[in-house]
Amino acid sequence: MPTAEERLRILKMVERGQISAEDAAKLLEALEERDKAELSPASSKVKARWFRVRITDLKSGRAKVNVNIPMELVSIGLKLRARFASGIEGFNADRVIEMIREGTRGKLVDVEDDESGERVEIFVE
């Protein structure tokens, strides 16, 4: 069901003559369909909320990097991927992006780089 704010905004548009009453009815119907789709079983899965990157020193076991990014900002965070994972054998940033788009959750990457002495883990939770 459209929110009160959405309904009020549509009514104000009718009042100002920006849209017709018929157009307003179509908009309200579209908003109701949107809400029904959000509640459908296919989309009732809990959406992932966090993208987590953890880089650990293999010798000491201490975290060198521990980044938690809200999923809403992941596109920005993925632009930084080269900084965190450049040159790590076995890491494929494009595959990680693909898995995120597919809705994969849990641990996406777990790579140990013996040369740099680091372990890279990427999670979507």
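Select Asp 57 to begin: this residue is buried (under 20% relative accessible area, where exposed means over 50% and partly exposed lies in between, with a 1.4 Å probe and protein chains only), yet it has no salt bridge, and the nearest side chain of opposite charge, Lys 64, is 4.4 Å away. A salt bridge here requires a side-chain nitrogen of Lys or Arg within 4 Å of a carboxyl oxygen of Asp or Glu. Lys and Arg count as positive and Asp and Glu as negative, while His and the chain ends are not counted.

The model is predicted: local features need pLDDT of at least 70, side-chain atom pairs count only at pLDDT 80 or more, and totals for chains, interfaces and linings use all residues. Residues are numbered from 1 along each chain as its sequence is written, and side-chain values use heavy atoms, with hydrogens and water left out.

Remain at Asp 57 and display its surroundings. Its side chain reaches the backbone nitrogen of Lys 59 at 2.9 Å. Leaving aside neighbours within four places in sequence, Asp 57 is in contact (heavy atoms within 4.5 Å) with Arg 62, Lys 64 and Gly 117.

Next, select strand β1, residues 50–57, in which Asp 57 lies. Helices (H or I, at least four residues) and strands (E, at least two) are DSSP runs numbered from the N terminus. Strand β2, residues 63–70, pairs with β1 in the antiparallel sense over 7 bridges; pairing requires that DSSP find at least two bridges between two strands. Arg 54 has Asn 66 in β2 as its bridge partner. Between β1 and β2, which form a hairpin, are 5 residues, and Gly 61 in the turn has a positive phi of about 80°.

Move to β4. This strand pairs with β1 in the antiparallel sense over 7 bridges, and Glu 118 in β4 stands opposite Asp 57. β3 also pairs with β4, again antiparallel over 7 bridges, with Val 109 opposite Ile 122. The β3–β4 hairpin has 4 residues between its strands; Gly 117 in its turn has a positive phi of about 75°. Of the 7 residues of β4, 6 are buried.

Now select Phe 51, Val 96, Ile 100, Leu 108 and Ile 122, which have the most contacts inside the largest nonpolar core, a set of 16 residues. The elements giving two or more residues to this core are β1, β2, α5 (93–102), β3 (106–113) and β4 (118–124). A nonpolar core comprises buried Ala, Val, Leu, Ile, Met, Phe, Trp, Tyr and Cys residues joined through side-chain atoms within 4.5 Å.

Finish at Glu 6 in helix α1, residues 4–15. Neighbours within four places in sequence aside, Glu 6 is in contact with Leu 31 and Arg 34. Glu 6 counts as buried because its relative accessibility is 17%.

Methods. A polar contact is a pair of N or O atoms within 3.5 Å; within protein, one must be able to donate a hydrogen and the other to accept it, and residues adjacent in sequence count only if both atoms are side-chain atoms.
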